[in-house]
Structures are given as C-alpha cells and as structure tokens.
Amino acid sequence: APYRKDWVWTDGPKAISYLGHDLGLYPALTLAENLRYFARQSPQSEQTILHWANYYGLRQRLPDPVSTFSRGMKQKAAILRTYFEGANLVLMDEPFTGLDTKATGLFCEHLKLWSESSCLLLVLHEVPKDLQSKERIQL
C-alpha cells in the first residue's frame, strides 16, 4: 500500500508542524522571506527553496508580499512553509483547500515524497483521486 508505513520515533528532540485554516504565514513579508524564515528550522538551501517554489509555480512571486496572493497561492505557500519546518510529525487539516486540479496533483506527488521523511496525518472531508489508496482507516 503506497501510504502505509510503520513509523519509529528516533532518539532526540521531536518536532511537530501544523497546517490548518490559519496558514501561519507573515502576510507583510515576501514569499522568499517567509520561506527563508521557516526553512531556518531545518537545513534548506536557497536552491531547495527555488526548486519547490518553481514546483508549485510560485518562483516568479518570491519577491512579492504574501498579502497579494490568491487563496490558492497562499495555500501552496503554506504547504511549503510546513514542509520547510522539517518536522517529524506533520498534522494537516484540509490541506487541499483552495488548490486547483493541477496543484492538487502536484501536492499529492509531494505528499508521497514527504511521507518518506515525516509522519503525515491529514484530516480530509474528501480524498483526492490522486491520493486514494486501497487501504483506509474509518472511524
């Protein structure tokens, strides 16, 4: 199953990150300033920041204040903020909010990669087709 993984906590300090309805961005700062600020928690190079900004189609907006972004662009920026925090455990509440079909597909692919280094817990009302697997936990 593509999304099932046994998770073992390593020794040492643990980090938890959260992506919810409040996106946790500083609206007066540029996208680049936000990403650099949150990337300080884990070693992220400028090249890595540029790669992921480009991946989500935000590279041209790096010098712009986040307050000028559409809802979908803010959501993509918040996804990157959460990713760059480098947490062991990542909690996400409706992380697909505001994403169009293309961005949803990109995020699903990103989640597959992300799940190799972090334990991800997503709360969703509807599971995107690209994220569905044969195994589901229902409460």
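Q: Is Glu94 buried or exposed?
A: In this predicted model, Glu94 lies in the loop between E2 and H4. Its relative accessible area is 15%. The cut-off for burial is under 20%, so Glu94 counts as buried.

Q: What pattern does the protein chain follow, read along the sequence?
A: The secondary structure comes to four helices and three strands. Taken in sequence order, these elements give the pattern β-α-α-α-β-α-β.

Q: In what order do the three strands stand in the open sheet?
A: In general, strands of a sheet pair through backbone hydrogen bonds, either parallel or antiparallel. Here the pairing is parallel. E1 and E3 (119–123) each have a single partner strand and stand at the edges. The order is therefore E1-E2-E3.

Q: Why is one side of E1 and of E3 left without a neighbour in the sheet?
A: E1 and E3 stand at the edges of the sheet.

Q: Which residue in E2 stands opposite Leu19?
A: E1 (residues 16–19) and E2 (residues 89–93) pair in the parallel sense over four bridges. Within this pairing, Tyr18 stands opposite Leu91. For Leu19, the residue opposite in E2 is Met92.

Q: What angle does the direction of helix H3 make with that of E1?
A: Helix H3 spans residues 71–84 and packs on the sheet, where it touches E1 and E2. Its direction and that of E1 make an angle of about 175 degrees.

Q: Which strands does helix H4 touch?
A: Helix H4 covers residues 101–114 and also packs on the sheet. Its direction makes about 155 degrees with that of E2. The strands it touches are E2 and E3.

Q: Which residues make up the covered face of E1?
A: Strand E1 has one covered and one uncovered face. Ile16 and Tyr18 belong to the uncovered face. The covered face is made up of Ser17 and Leu19.

Q: Which residues does Ala78 touch, not counting those up to four places away in sequence?
A: Ala78 is found in helix H3, and its relative accessible area of 0% makes it buried. Its C-alpha atom is separated by 9.1 Å from that of Leu35, 43 residues apart along the chain. The residues that Ala78 touches are Leu19, Leu23 and Leu25.

Q: How many Å apart are Thr30 and Pro65 in space, C-alpha to C-alpha?
A: Thr30 lies in the loop between E1 and helix H1 (31–39), and it is buried at a relative accessible area of 15%. Beyond its neighbours within four places in sequence, it is in contact with Leu62, Pro63, Asp64, Pro65 and Val66. Thr30 and Pro65 are 35 residues apart in sequence. Their C-alpha distance in space is 3.8 Å.

Q: Why is the pair of Tyr37 and Phe38 edge-to-face?
A: A search of the whole structure finds nine aromatic pairs. In the pair of Tyr37 and Phe38, the ring centres are 5.0 Å apart. Planes over 60 degrees apart count as edge-to-face, so this pair qualifies with its planes at 85 degrees.

Q: Which residue has its charged end over the ring of Tyr37?
A: Both rings of this pair have a charge over them. Arg81 lies over the face of Phe38, at 5.8 Å from the ring centre. At Tyr37, the charged end sits 3.9 Å from the ring centre and belongs to Arg40.

Q: Which residues do ring pairs link into a cluster?
A: Aromatic pairs also join up elsewhere in the chain. The cluster consists of Trp52, Tyr55, Tyr56, Tyr83, Phe84 and Trp114.

Notes: Residues are numbered from 1 along each chain as its sequence is written. This is a predicted model: local features need pLDDT of at least 70, side-chain atom pairs count only at pLDDT 80 or more; totals for chains, interfaces and linings use all residues. Side-chain values use heavy atoms; hydrogens and water are left out. Rings of Phe, Tyr and Trp (its six-membered ring) pair if their centres lie within 6.5 Å; planes under 30 degrees apart count as stacked, over 60 as edge-to-face and the rest as tilted. A charge sits over a ring if NZ of Lys or CZ of Arg is within 6 Å of the ring centre and within 35 degrees of the ring normal. Buried means under 20% relative accessible area, exposed over 50%, partly exposed in between (1.4 Å probe, protein chains only). Helices (H or I, at least four residues) and strands (E, at least two) are DSSP runs, numbered from the N terminus. Two strands pair if DSSP finds at least two bridges between them. Contact means heavy atoms within 4.5 Å. Axes are lines fitted to C-alpha atoms, for helices over the stretch in contact, and angles run from 0 to 180 degrees between N-to-C directions.
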